[in-house]
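Keep the 3D view open while you read.

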Amino acid sequence: MAETPPAGSRFWRAARRVAVLAAMAIAFFPIFWLVSTSLKPHEEWTSSPPVWVTSQPTLQNYRIVFFPEAARRFAAHEAGSLDYKVSGSAWKAFGDSALIATLATFFSVVFGTLAAYSIARYRTGGDNYPFQFLTIRMFPPIAVVVPMVVLFSLLKLTDTYAGMVIAYTAFTLPFSIWMIRSFIEEVPAELEGAAMVHGMTPMRAFLTITVPLIKGGVLATALFVFILNWSEFLFALTLTSGHVVTVTVQVANYVSASSGKLYGVQAAMGTISTIPVILFGYLIQRHLVRGLSFGAIKR
Amino acid sequence: MARRFSIPFNVRLVLPAQLTMMAVVLVPTLIAIWLSLTDWQPTSGVPWYQSELIWFWNFNDLWFDDRFTAALIRTIIVVAVCVAAELGIALSLALLFLDDWPWRKLAVSVIILPMMIVPVDAANAFFMLFNERGPINHVISLLLGRRFEFSWLSDANWAMAPIMLAEIWQWTPLMFLLVLTGFMNLPRNQVRAAIVLGASPVRIFFRIMLPLLAPVITLAVLIRAIETFKIFDPVYILTRGGPGASTETISMFMYNGAFVYFRMGYVAAAALIVLVVVTAICMALARPLQRHG
């Protein structure tokens with residue numbers, strides 16, 4: 001909309017520049033603080049006045065994240081007051097999160113694509129049917145968690161990869177279905193119709209004609225769902241108890257009884273755990289709006 | 001020719017999704033209904049299916065439980081404050097991005113950074129920012145010219161502020177993106193006509209753009225309201241509902257009830273009440289999402 005009220009005067013343009021810069025600074029500051037804290041030696045974590053950018057950057061916090069042994073030696077050696085009871089290595093958390101998020105994303109997108117195809121092309125279940133899936137996103141997950149804990153212990157799924165994958169698949173299905181459906185609806189059904197006239201089964205026509213046309217959208221959906229899975233905290237907190245550890249739970253683990261939160265270590269874990277998500281987020285920036293609005297708003 | 005009964009092709013396609021959803025929503029809801037009629041506590045040693053029926057006493061207790069009511073009201077206030085703030089900031093910010101200027105793309109990319117962050121990490125960052133000796137208090141000291149060491153998170157009246165700020169910080173970018181997309185998709189002719197006719201920018205905004213934008217705004221507000229109602233991560237990381245129960249939102253109330261006090265039956269009853277309330281509200285509000293109706 002190039003022609004809409006261009007605040008013409010010099011003053012307004014300067015004012016806008018200031019406002020935009022301020023917004024950028026506010027958006028960036030907490031992230032800057034996280035990264036900055038992750039590089040601070042432990043004396044500077046909560047020093048007064050606070051240290052904005054440390055003059056003695058250290059990778060100690062990152063070492064503690066990845067090598068709990070180093071943490072214990074460090075604690076014994078110099079930080080007598082600090083209790084580095086760091087339970088596990090972050091490698092496991094990253095491995096577990098990657099495994100669970102990948103599998104759950106795969107199932108969510110595959111199930112979602114099939115259901116979306118059926119809904120988009122056959123109007124399966126009528127106009128209100130797809131809304132049924134949205135209800136999953138409307139309830140506070142904690143309301144489902146209590147009976148799920150019971151169900152999972154009955155089925156021996158508590159604290160297992162399978163249990164987490166099932167939970168994550170279900171809770172990202174509404175995004176998969178609605179997002180992919182909006183991509184499918186952009187492809188005219190006549191293309192599949194033409195293929196079927198030539199003797200293809202409906203499924204084959206969908207797979208060979210439509211899927212290649214929407215594969216960018218499906219990939220964007222997959223990355224979007226992966227971000228959600230990777231960032232999830234509540235299920236990971238309540239449905240696991242040590243055998244399976246996701247990154248979000250690991251971040252919350254760096255709290256020790258005697259010294260409160262281990263700021264630097266937490267910041268280090270926070271920084272690395274959020275990097276993949278930021279990368280994926282910018283990769284699908286074009287599709288974020290569509291994803292977060294369940295396919296209702298498109299670019 | 002009697003054909004054997006078979007499931008139609010299109011129904012078979014939705015089956016995996018439907019079964020997953022039933023496994024994770026329908027079955028647990030049935031279990032929740034049973035639990036809500038018992039006073040089952042996992043610590044008592046009795047398996048849940050053998051626990052004693054107390055019928056509707058959980059619901060009766062909830063009705064008179066001030067902590068539950070307070071959590072519910074607090075959550076609604078948090079939703080109202082956060083969504084209103086997010087919408088206000090997002091709208092004013094989006095207005096600065098209507099025409100093209102040199103580093104516009106970069107600015108958008110930086111401004112949407114918060115929504116890309118893992119929520120737990122964002123909450124952690126705010127925990128550090130609002131520390132007694134953290135940067136926020138430091139800046140306030142500089143402005144006041146005297147030492148300011150307020151402990152935000154242990155003050156019952158103020159602990160909610162950092163939580164809401166974290167939520168607003170993280171999700172205003174989403175609102176901004178939705179609103180900005182809405183602005184960019186507006187039909188240009190009406191706005192052009194209004195400019196030609198000499199309408200003032202303020203008038204154009206309120207009389208032409210906002211009404212055209214209403215569906216997008218409704219949708220954005222709806223999405224954010226639903227998500228904010230579930231608010232858990234920042235509360236858990238920043239205060240766990242404390243001090244006392246002063247920052248307990250409805251999710252935190254249920255978490256504490258189930259995993260701190262182990263009153264599963266009681267929490268199941270609370271969960272059912274929330275499910276009914278949310279379903280009712282959503283059925284009334286979900287229409288804007290219906291593009292085909």
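This is a predicted model: local features need pLDDT of at least 70, side-chain atom pairs count only at pLDDT 80 or more; totals for chains, interfaces and linings use all residues.

Chain A is built from 13 helices and two strands. Take the contacts in chain A between residues at least 6 apart in sequence, and 72% of them join residues at least 24 apart.

Now for the place where the two chains meet. Chain A puts 78 residues into the contact, and chain B puts in 92 residues. On the chain A side, helix α1 (residues 10-38) gives the most, with 12 residues. Sorted by class, that side of chain A looks like this:

| Class | Residues of chain A touching chain B |
|---|---|
| Nonpolar | 55 residues |
| Polar | 18 residues |

Which residues touch the most other members of the largest nonpolar core? They are Val179(B), Met254(B) and Ala271(B), in a core of 173 residues. Leaving out residues up to four places away in sequence, Ala271(B) touches Ala32(B) and Met254(B) in its own chain, plus Ala143(A) and Val146(A) across in chain A.

Last stop: helix α8 of chain B, residues 160-184. Of its 25 residues, 19 are buried, so α8(B) is largely enclosed by the rest of the structure. There's a kink of about 35 degrees at Trp171(B), shortly before the proline Pro173(B). How does the length of α8(B) work out? At 1.5 Å a residue, its 25 residues should span 36 Å, and the end C-alpha atoms are 35 Å apart, which agrees.

Conventions
Residues are numbered from 1 along each chain as its sequence is written. Chains are lettered from A and ligands numbered from 1 in the order in which they are written. Helices (H or I, at least four residues) and strands (E, at least two) are DSSP runs, numbered from the N terminus. Two residues are in contact if their C-beta atoms, placed from the backbone, lie within 7 Å. A nonpolar core is a set of buried Ala, Val, Leu, Ile, Met, Phe, Trp, Tyr and Cys residues joined through C-beta atoms within 7 Å. A residue is buried if 20 or more other C-beta atoms lie within 10 Å of its own, exposed if 12 or fewer, and partly exposed in between; C-beta atoms are placed from the backbone. Ala, Val, Leu, Ile, Met, Phe, Trp, Tyr, Cys and Pro count as nonpolar, Asp, Glu, Lys and Arg as charged, and the others, Gly among them, as polar. The expected span of a helix is 1.5 Å times one less than its number of residues. The bend at a residue is the angle between axes fitted to the seven residues ending there and the seven starting there.
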